[in-house]
Structures are given as structure tokens and as C-alpha cells.
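Let's take a walk through a protein together, one part at a time. Have the sequence and the 3D view ready as you read.

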Amino acid sequence: MTSPEREMINELLKAGCGDFVVCGGARNAGLVALLEAAEGLQVWKHFEERGAAFFALGRAKDHGRPCAVVTTSGTAVAECLPAVIEAHYTCLPLIVLSADRPEEFRGSGAPQVIEQEGIFGNYAARSLQEWDGHGPLHLNVPLEEVTVEFEEWTAEVEGFLPTRLSFEVRSLRDFLDDGVFRGILAMVGGLEPEDREDVFYFLRELGIPVIADVNSGIREALGDLLVAEGAFTGNLPGRILRLGEVPAGRLWRDLEDHPSTEVLSVCRNGLPGLARESKVIRAGVGRVIRGLGPAEKIGDVRDDFLKARPFFGLVDEKLEALPDSEPGLVNLLSVYATTGESLFVGNSLPIREWNDFGQRDTPYARVFANRGANGIDGQLSTWLGATAETPDSWGVFGDLTTLYDLAAPAMLSQVEQSGRVLVVINNGGGRIFDKLPRLSGLTGKQREAIVQPQKVCLQSWAAMWGMDYLKIDKREGFDDFETGTKTLVVEVIPDDSQSAEF
Ligand SMILES: Cc1ncc(C[n+]2csc(CCOP(=O)(O)OP(=O)(O)O)c2C)c(N)n1
Ligand SMILES: [Mg+2]
């Protein structure tokens, strides 16, 4: 027997998708039932489509192959938009498979009928034929009637073969050759796991200074090459080579106003990440670097920047003097997290503070973040998807970021929980906005509307989802830290007055 449901699933299997997150509904019941009856597929269940789509994005981050979220018709489809956007900018193969009512229902106002066809606009390909595997795909299936199959069957998932990205090494070579005379700084944002080793050895051979974000996965391995971003304020080099995703720090944004610094980006999405003039190579970063062949040391350039090194010394002194400040506690967390198997760093201050204040000696086994559109939505869900099969996983999030994704722990019973640590840095709102110089003159009322201060305690939320809980408001609080078989929520409350001195 063949049904539209069966045909659609077969297409996805051929495209290399063997991982599905299903959300309940009547219109997609045939799809869900078919997937649940299959041998050889991974099927996750969630009731909330926004989180489900981010979870699916996390799965794609984890294994690099497509993962599909399966929704019913109506607003359920629309809930997937934020994750689709994130997948678009990070070039991840997230698939949305949405059940729809037949064409004649469009525009009728009938129950649960919305304009689903093309709802994601330019963010997603609309057919397998136009999909290159480097970003999201939306397949919308109009169903006359729902066909539910009850029999078990065996699914055969084929290999996933995304189109190869360009292979352009010449502009990179030219950029490096010229850099000898102008001074080159490398800025490394998030990297795909398979690119990390190549980037690391390449930078070591070049011997140039590097500002590396924690989600590059190489930050802590760089040793002497790693320099602090703060040291470059007002002291920009002639050239910047950016590898991977857009770096999180201030310096990258400042480049917007410094056109005299030439920038070349090598990244998967081919977007320059700057509105002003710069160059970009759209490519798998590791592949282009391998194509370049052995890199030659760019002799004395590094010496120009050695003066930047002491900057870390100043940071370390402050961390010691202010141990219960937010940076101080983040630093301590960064040491504890080295015992984990993986680390997800949330947006807003967590990723920035980890870059600036995290330990710099021990690389993390696997590191993730969502830096495509810098959203604070879906962060916990993405983390759970990315580490569904990994024990001892650490995720570090802001308080508003956590409050945004309160239903994410619904997935906990389906994922590996042993040694899982969910850290929430509860500084009472979106405190990144207190750091923005442009916002320093706000009145109390204006500040409240932007920072959105809050005073919730996460203990009962932890209990609600069966998670263990530990509250830490000073360094010594870590003495009680112990992971177990259940997820442990660590609510970290920094000392505001110490944080203010940073
Ligand atoms: C979906 C979404 N809404 C709003 C924002 C704007 N935004 C950026 S950071 C932030 C505050 C986050 O607060 P919290 O998670 O507590 O982190 P903190 O700034 O305190 O580190 C907001 C609202 C965003 N990035 N994404
Ligand atoms: Mg906060």
C-alpha cells in the first residue's frame, strides 16, 4: 500500500534523513504513526513545535545529517520559524515536514487552515530538488484524508550528500601573502567539528595572534597565540582573517567603523557578517585550508601583537580579586565544565563572558552554540537535541533565555541525563543591556522595559520537571556540586556589587 504519507517519508529516507521529532496532531497523525511503526529510525516526541524544531536543529548540529520536525497544520508550522532561521544562517539541514489540508481549503478560513505553502519565505528550500543540504528544507504535504498504517516496517536511510561548497583558495593565499606587511589577526568564531583540527594546525603554522570564541572548539588549545580582544580596542591590525561563524565579541562590531582594516571571511554561509566592504569565501573552512597546502610562518607579525598578551594578566588579577562576580563565577564554571563531555554556551552574556573570562588551558570535548541569528529562544531545546546521546553534558544559559524555553525539559525523559548539568546564570534579567555604553543613560523606567528585571527562583521549575537543584551565590557554593543520574540545575546568582567592578 502506498499513501502520500509513505511517499513523503520514503523521499526523506532517500535524502539521508533518519532522525525525526514528531509533534502530535490529527492532520499529521498518519505521518507520526508511520514513523513510530518504523525500525531503523530515531523518533523523538514533543508537544511544543517551537522547542521541537530547535531540538531537531540540535540533532543536526550533533550528527551533521538532516533531522525533520513533523507538524500538524495551522500555527504549529509557524512555530518552527525561529529554528528555521537559525538553521538558514548556520547552514544546517533542518527539515520541516508539515501536514496541510488539500489545496481547495486555502484561504477558506476553515479550522486550522493557514497559508502554509512557502511560509518560511527565503529561509527554506521548498522541494528536495532545490535543496542543497546546507540549510533548511520545508516540505508541505496536502492530505485529502489521513492514512494511518499500523504495521511495523523497516526503514532504510540512505547516505546524506549535500552539494559541495566552493573550493576557492586563491583569495585566501593572496590575503595571507599581503598580510606579511600589514599584520594579520585571526578571529575564529564557531566552527563545525570537522573543521577544528585543520584550523588549529593552520593557525599554529602561521603563528599569528588569534581571538577565538569558545564555540570554535580550539580556543583553549591555542596557548600563546590566543590574545584578548580587549587589547585591540583602538589598536586594530591592517588585516583580519575571520574563520567560521561571526565572532561574538565587540571587536567584530567595531570593525564596521574601521574600513581601513581589511577583512576576509571564510565561512559556510558565505555572508560577510559586516555591512561595510570586505571579502568573503563561502566554503567548508577546513577544506579550503587543507587545499592551501602547508602554511608558511608569517615571521615577525606576531611580535607586533605580543603587547596584547598582558591583557589576560589583568583579567586574571581581577578574577581573583572579585571571585563572586559574574565573570568570577563564570571562570569557575569554566573549570568545572572541563569534566563534562560537551558544552553548550547560551547567547547574551554567557558566551561573551566565557570568551573573555573562561579558563584557557583545557579544551572542551565538544562545544556548541546558536550563533546564526543570536536569538535567546530555543537555546535549552537546541542543547538537549545536540547532546541527546551524550552523558555529562553542560549547558550554560541566562535567566531570561531559560524562562523563554521553560518547556524544554519535557524532552529530558528521552535524552541522556546522567551527569547532565543545566547552569542558569540568574542575574535578574537581560543584563547584557547594562553593558552597552549607548544605554548607560537610561531612566529607571526605560531600563526596566529593556532589561526586564525578574526575581524568579528556579527551584520549583527544577522540581516540576524532576531535576535536581543547587543554588550557588558564592565560590564556596561549588563545594556541594555533584552530578548524578538526573539533570542538575545549577542556579548561579552572582554578587551584583562585585560584578559592577568589572
Ligand atoms: C528571541 C530574542 N528576543 C530578544 C532578543 C534580544 N536579547 C538579546 S540578549 C537579551 C537578554 C537575555 O537575558 P538573559 O538570558 O538573562 O542573559 P543576560 O543578558 O543576563 O546574560 C535579549 C532580550 C534576542 N536576542 N532574541
Ligand atoms: Mg540575565
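Which residue in S9 does Met187 stand opposite? Met187 faces Ile211 there. Before we go on, please keep in mind that this is a predicted model, in which local features need pLDDT of at least 70 and side-chain atom pairs count only at pLDDT 80 or more, while totals for chains, interfaces and linings use all residues. Residues are numbered from 1 along each chain as its sequence is written, chains are lettered from A and ligands numbered from 1 in the order in which they are written, and side-chain values use heavy atoms, with hydrogens and water left out.

Let's stay with the strands. Helices (H or I, at least four residues) and strands (E, at least two) are DSSP runs, numbered from the N terminus. Strand S8 spans residues 184-188, and five of its five residues are buried (buried means under 20% relative accessible area, exposed over 50%, partly exposed in between, with a 1.4 Å probe and protein chains only). In a regular strand, side chains alternate between the two faces of the sheet. In S8, Ile184, Ala186 and Val188 point one way, and Leu185 and Met187 the other way.

Now look at the charged side chains. A salt bridge is a side-chain nitrogen of Lys or Arg within 4 Å of a carboxyl oxygen of Asp or Glu, and the count comes to 22. One of them joins Glu149 and Arg6, at 2.7 Å from N to O. This pair links distant parts of the chain, 143 residues apart: Arg6 sits in helix H1 (residues 4-14), and Glu149 in the loop between strand S6 (137-142) and strand S7 (153-154). Both Glu149 and Arg6 are buried. Another salt bridge joins Asp62 and Arg59, at 3.2 Å. Both of these lie in helix H3 (residues 49-63), three residues apart, about one turn of the helix, and both are buried. In helix H8 (residues 250-254), Asp254 and Arg250 are four residues apart, and the closest N and O atoms of their salt bridge are 3.3 Å apart.

Arg250 also leads us to an open space. What lies nearest the centre of the largest pocket? Arg250 does, along with Leu349, Arg352, Asp356 and Lys435, among 50 lining residues. On a 1 Å grid over the protein atoms alone, a pocket is an open set of points where a 1.4 Å probe fits, with protein on both sides within 12 Å along at least five of seven lines, and lining residues have an atom within 4 Å of a point. The largest pocket holds about 1,400 Å³ of space, a volume being the space filled by probe spheres set on the points. Helix H13 (349-357) gives the most to this lining, with seven residues. Domain 2 (170-306) and domain 3 (310-500) both give residues to the lining, so the largest pocket lies between them; the domain bounds come from an automatic or database domain assignment.

Terms used
Pairing = 2+ DSSP bridges.
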